[in-house]
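Keep the viewer open as you read.

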Amino acid sequence: MNTEAILDKLEELFPDAGCELMYKDPFQLAVAVILAAQATDAGVNKVTPALFEKYEDAQAFRDADLKELEDSVKSIGLYRNKAANIKKMATEVCERHQGKLPSDYDSLIALSGIGRKSANVILSECFKVQRIAVDTHVQRVSGRLGLREESDDVLKCEEKLMAQIPENRWSRAHHLLLFFGRYLCTAKRPQCERCPFTDICVEKKKEKS
Ligand code: SF4
């Protein structure tokens with residue numbers, strides 16, 4: 001089964017795959033992706049409605065009292081660090097970009113708390129640039145589906161996926177692989193009995209040998 005056939009199958013399994021973080025504009029998505037690091041989207045979505053009501057834009061986050069901001073996100077892991085990064089990122093957006101989140105990769109990754117994966121998510125979601133953001137789910141299932149070598153790190157995985165998938169499917173591929181990893185081929189208890197990829201699965205081949 002080639003990579004495009006894998007994606008076609010994933011489309012059948014997850015026709016509604018898409019961004020699960022709630023946001024109304026690019027700046028809000030940047031805040032949400034900072035909060036989502038090593039946390040679940042569902043957990044982030046529990047705090048962001050009230051957070052975005054209290055702090056409406058980059059200026060409001062910049063001017064926020066750090067302790068109050070921490071309190072608003074304290075149900076999320078690493079909240080102190082994340083609150084500090086959000087305030088810093090908001091300050092940088094105000095100083096460098098007149099309060100609007102930039103739409104180019106280099107400016108995005110220059111912001112506090114925004115790394116390669118987050119920048120790719122923002123570019124893909126808000127600015128309709130084709131990108132494959134590789135998170136822990138995408139990395140894991142790419143390995144199990146034989147789309148990367150076991151030793152490949154996140155960057156190498158991203159490069160290999162981009163080489164195998166036509167550019168017009170990159171952003172969609174990110175969502176499909178992520179949903180597959182989040183809801184079927186999970187880290188600890190993959191539902192192999194429901195999986196259409198048992199014939200090509202690297203883990204299954206290991207079990208047989
Ligand atoms: Fe994942 Fe199981 Fe499918 Fe392999 S067979 S890709 S481990 S769900």
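## Helix α1 against helix α11

In this predicted model, the axes of helix α1 (residues 3-13) and helix α11 (residues 170-183) come within 10 Å and cross at roughly 65°. Axes here are lines fitted to C-alpha atoms, for helices over the stretch in contact, and angles run from 0 to 180 degrees between N-to-C directions. Helices (H or I, at least four residues) and strands (E, at least two) are DSSP runs, numbered from the N terminus. The crossing of α1 over α11 is left-handed (the near helix is turned anticlockwise from the far one by less than a right angle; clockwise would be right-handed).

On the α1 side, L7, L10 and E11 touch R172, A173, L176, L177 and F180 of α11, with contact meaning heavy atoms within 4.5 Å. That contact has six nonpolar, no polar and two charged residues. Ala, Val, Leu, Ile, Met, Phe, Trp, Tyr, Cys and Pro count as nonpolar, Asp, Glu, Lys and Arg as charged, and the others, Gly among them, as polar.

## Helix α9 against helix α11

Helix α9 (residues 136-144) also packs on α11: their axes come within 8 Å and cross at roughly 85°. So α9 is roughly perpendicular to α11 (65 to 115 degrees; under 35 is roughly parallel, over 145 roughly antiparallel and the rest oblique).

From α9 come H137, V138, R140, V141 and S142, and from α11 H174, L177, L178, F180, G181 and R182. Sorted by class, the α9 and α11 contact holds five nonpolar, four polar and two charged residues.

## Helix α2 against helix α8

Helix α2 (residues 26-36) and helix α8 (residues 116-127) have axes that come within 10 Å and cross at roughly 150°. They therefore run roughly antiparallel to each other, and the crossing is right-handed.

P26, L29, A30 and V33 of α2 meet S118, V121, I122, E125, C126 and F127 of α8. Eight of these contact residues are nonpolar, one is polar and one is charged.

## Around the ligand

Which residues are around the ligand? They are R144, F180, L184, C185, P190, C192, C195, T198, C201 and K204, each with a heavy atom within 4 Å of it. This shell has seven nonpolar, one polar and two charged residues.

## Reading the numbers

Residues are numbered from 1 along each chain as its sequence is written. Local features need pLDDT of at least 70 and side-chain atom pairs count only at pLDDT 80 or more, while totals for chains, interfaces and linings use all residues; side-chain values use heavy atoms, leaving out hydrogens and water.
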